[in-house]
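Dear colleague,

Please find the structure below, together with its sequence. My notes on the ligand site and on the backbone follow it.

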Amino acid sequence: MTEASIYHALLIGWFALAAVTFIALFFITAPYGRHGGRARGPSVPSRLGWLIMESPSVLVFVVCYEIGRPGLVAWIFFLLWQLHYVHRAWLFPFRLRAPARPMPLYVVGSAFFFTTVNGYLNARWLTALGPGYSRAWLADPRFLVGVALFLFGFAVNQHADRVLFSLRRPGESGYKIPHGGLYRFVSCPNYLGEILEWCGWALATWSLAGLAFALWTIANLVPRARAHHRWYRTTFSEYPAERRAVVPFVY
Ligand SMILES: NC(=O)c1ccc[n+]([C@@H]2O[C@H](COP(=O)([O-])OP(=O)(O)OC[C@H]3O[C@@H](n4cnc5c(N)ncnc54)[C@H](OP(=O)(O)O)[C@@H]3O)[C@@H](O)[C@H]2O)c1
């Protein structure tokens with residue numbers, strides 16, 4: 001068996017698992033953050049949880065780039081990926097206002113598994129198992145629109161998370177209604193931004209690994225946005241009625 005045949009089998013399983021996850025998460029809300037009250041079993045403080053579960057995204061990419069044959073375009077993808085993941089793994093955890101909130105170990109473990117496989121599938125495609133990208137790809141509309149969408153999504157995600165962090169003073173752990181930016185339209189613009197980012201990534205890389213990641217992000221975040229949205233509406237009687245969960249004017 002070659003690595004390429006294992007890779008393709010893994011990719012098919014990965015698409016199937018994303019579909020199962022999407023359906024399952026409409027019935028089970030991952031028990032962390034505001035939905036963590038029903039969690040059972042061992043847990044770790046959320047700051048440590050985020051560090052553990054997101055670090056493979058950074059490290060697996062570094063290892064795959066070290067052992068692969070990345071060209072110029074692959075290095076641009078490396079920069080985009082690390083722009084997101086160095087922040088998510090190593091800066092975001094230190095911005096949390098309630099870093100001691102317990103996060104179940106099985107949530108951390110399943111996310112660790114996800115980021116490891118996802119990093120492998122994307123980085124190996126870009127540096128070894130894909131056909132490679134010529135420099136002409138830099139002028140291809142899929143690359144240009146995809147990168148623009150990625151950067152726009154990144155900005156939306158960053159802004160939305162900054163608004164959430166600003167709602168708590170140091171030491172506070174309660175919840176308030178967020179306002180400003182895309183909160184005018186949806187309850188979870190951070191999730192919307194994240195979905196746009198990885199749809200942009202799928203377009204710019206024009207790869208099945210990128211598409212699988214975009215679908216996984218939708219599978220994780222659309223049901224969670226629905227749960228957040230319902231929670232806001234039942235918790236705050238004055239919650240803006242016109243707000244949708246994650247897609248402005250639609251859902
Ligand atoms: N690619 C993926 O599949 C994926 C999956 C999950 C998350 N993410 C990304 O990871 C980031 C964090 O995700 P998350 O699920 O933790 O997002 P979240 O539920 O929106 O929470 C983000 C942070 O803001 C705090 N917060 C949320 N709403 C608040 C409110 N109304 N008032 C005060 N503080 C509030 C949360 O505190 P508490 O923790 O105390 O609730 C948490 O520290 C997001 O940018 C998301 O896009 C990506």
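The model is predicted: local features need pLDDT of at least 70, side-chain atom pairs count only at pLDDT 80 or more, and totals for chains, interfaces and linings use all residues. Residues are numbered from 1 along each chain as its sequence is written, and side-chain values use heavy atoms, with hydrogens and water left out.

The ligand is surrounded by 26 residues, of which Arg-101, Asp-161, Tyr-175, Lys-176 and Tyr-191 are the closest. An N or O atom in the side chain of Asp-161 lies 2.7 Å from an oxygen atom of the ligand. The side chain of Arg-34 places an N or O atom 2.7 Å from a ligand nitrogen, and for Tyr-232 the distance from a side-chain N or O atom to a ligand nitrogen is 2.9 Å. Of the 890 Å² of accessible area that the ligand has on its own, the protein covers 93% (Shrake-Rupley method, 1.4 Å probe).

Two or more residues of the shell come from each of α5 (141-166), α6 (189-205) and α7 (208-235) (helices are DSSP runs of H or I, at least four residues, numbered from the N terminus). The largest share, 6 residues, belongs to α7.

As to the backbone, Trp-206, in the loop between α6 and α7, has a positive phi near 45 degrees. Phe-249, in the segment after α7, has a positive phi of about 70 degrees. Most residues other than glycine have a negative phi. Trp-206 is exposed at 51% relative accessible area (exposed means over 50%, with a 1.4 Å probe and protein chains only), and Phe-249 is exposed at 65%.

With kind regards

Terms used
A residue is near a molecule or strand if one of its heavy atoms lies within 4 Å of it. A polar contact is a pair of N or O atoms within 3.5 Å; within protein, one must be able to donate a hydrogen and the other to accept it, and residues adjacent in sequence count only if both atoms are side-chain atoms. Buried means under 20% relative accessible area, exposed over 50%, partly exposed in between (1.4 Å probe, protein chains only).
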